[in-house]
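Come along and look things up with me.

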Amino acid sequence: MSKRQLISSEEDTDKGKVAKIGDTDHDENTAHNNMAVATPAKTGKRTDYLSWDEYFMAVAFLSAQRSKDPNSQVGACVVNPERKIVGIGYNGMPNGCSDDELPWARQAESNLETKYPYVCHAELNAILNKNAADIKGCSIYVALFPCNECTKLIIQAGIKEVIYYSDKYHDQPNCKASRRLLNMAKITYRQFKPRKCQIVIDFTSIDGFPLKQSLSVASP
């Protein structure tokens, strides 16, 4: 093959490559346009958005998913009067204390072999994790009605409202003590009543793809 024929052959090959790339771009643009036609942009205001209570309680429940506790995952979210989040926490072991070495059991022959002498509750962590100078006048959203120890912290921190989801320990002495303290301190507390039982987080929704796997925020 002569030198001129070789160059001509290479040029033809390169043209073929360019044509192939061009066809691919065209196909991708066509697919994108078809998707746009299939899912036209909405122009009206959404009506199924979260209320403020749903939003902040969902944040509390989502933070609970960080808990290592195998039996009870609890989260808390502190919100200031301007509806800005100023603290988030979940139940777990203190900083620097291995949650692999400390026990997670609810019952054992010795109290020292249960989680109770060691674990920090969600309310405590949310208050200590605050990103503001103080949290006086704030509200706290929490999955479980606070125990008496957390209630003391809530009062001392200056929090003025407690919004809780579950009150399953209502008749236990520590919760009775909590209500007594909250009433004396004139702190409002109310139970959150959701419009729906689940809020599904779909990471693929931002790209307009159908739901495949999702993270569902569930009760403790």
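These are my entries, going from the whole chain down to single residues.

**Entry 1: the whole chain**

I noted at the start that this is a predicted model. I then looked up the elements and found five helices and seven strands. Reading from the N terminus on, I wrote down their order as α-α-β-β-α-β-α-β-α-β-β-β. The chain has 220 residues, and buried ones make up 30% of them.

**Entry 2: the core**

Which residues of the largest nonpolar core touch the most other members? This core has 32 residues, and my list reads Cys77, Val78, Ile135, Ile140, Tyr141, Ile159 and Val162. I then looked up the elements that each supply at least two residues of this core, and they are α2 (52-64), β1 (75-79), α3, β3, α4, β4 and α5.

I picked Cys77 from the list and set aside its neighbours within four places in sequence. Its remaining contacts are Phe56, Val59, Ala60, Ile85, Gly87, Ser139, Ile140 and Tyr141. Two of these, Ile140 and Tyr141, are also on my list of residues that touch the most other core members.

**Entry 3: helix α4**

I turned to α4, which covers residues 148-157. Its buried residues are Asn148, Cys150, Thr151, Ile154 and Ala157. I recalled that an α-helix has 3.6 residues a turn, so residues three or four places apart point the same way. What do the buried residues of α4 pack against? I found α3 (122-128), β3 (139-144), β4 (161-166) and α5 (173-184). After the helix comes Gly158, with a positive phi near 90 degrees.

**Entry 4: a strand pair**

I followed β4 to its partner β5 (residues 188-191), and the two pair in the parallel sense over four bridges. The chain gets from β4 to β5 through α5, in a right-handed β-α-β crossover. Within this pair, I saw that Tyr164 stands opposite Gln191 in β5.

**Entry 5: the cysteines**

How many disulfides are there? Taking sulfur atoms within 2.5 Å as the cut-off, I count zero disulfides. For Cys120, the nearest cysteine sulfur belongs to Cys97 and is 8.0 Å away. Cys120 counts as buried, at 15% relative accessibility. For Cys150, the nearest cysteine sulfur is that of Cys147, 3.8 Å away, and Cys150 is in no disulfide. Cys150 is also buried, with a relative accessible area of 3%.

**Entry 6: positive phi without glycine**

I kept a general point in mind here: most residues other than glycine have a negative phi. Arg83 is not a glycine, yet its phi is positive, about 65 degrees. I located Arg83 in the loop between β1 and β2 (85-90). Arg83 is partly exposed, with a relative accessible area of 47%.

Lys186 went on the page too, with a positive phi near 60 degrees. Where does Lys186 lie? I found Lys186 in the loop between α5 and β5. Is Lys186 buried or exposed? With a relative accessible area of 71%, Lys186 is exposed.

Technical notes:
Residues are numbered from 1 along each chain as its sequence is written. This is a predicted model: local features need pLDDT of at least 70, side-chain atom pairs count only at pLDDT 80 or more; totals for chains, interfaces and linings use all residues. Side-chain values use heavy atoms; hydrogens and water are left out. Buried means under 20% relative accessible area, exposed over 50%, partly exposed in between (1.4 Å probe, protein chains only). Contact means heavy atoms within 4.5 Å. A nonpolar core is a set of buried Ala, Val, Leu, Ile, Met, Phe, Trp, Tyr and Cys residues joined through side-chain atoms within 4.5 Å. Two strands pair if DSSP finds at least two bridges between them. A crossover is right-handed if, with the strands pointing away from the viewer, the path from the first strand over the helix to the second runs clockwise.
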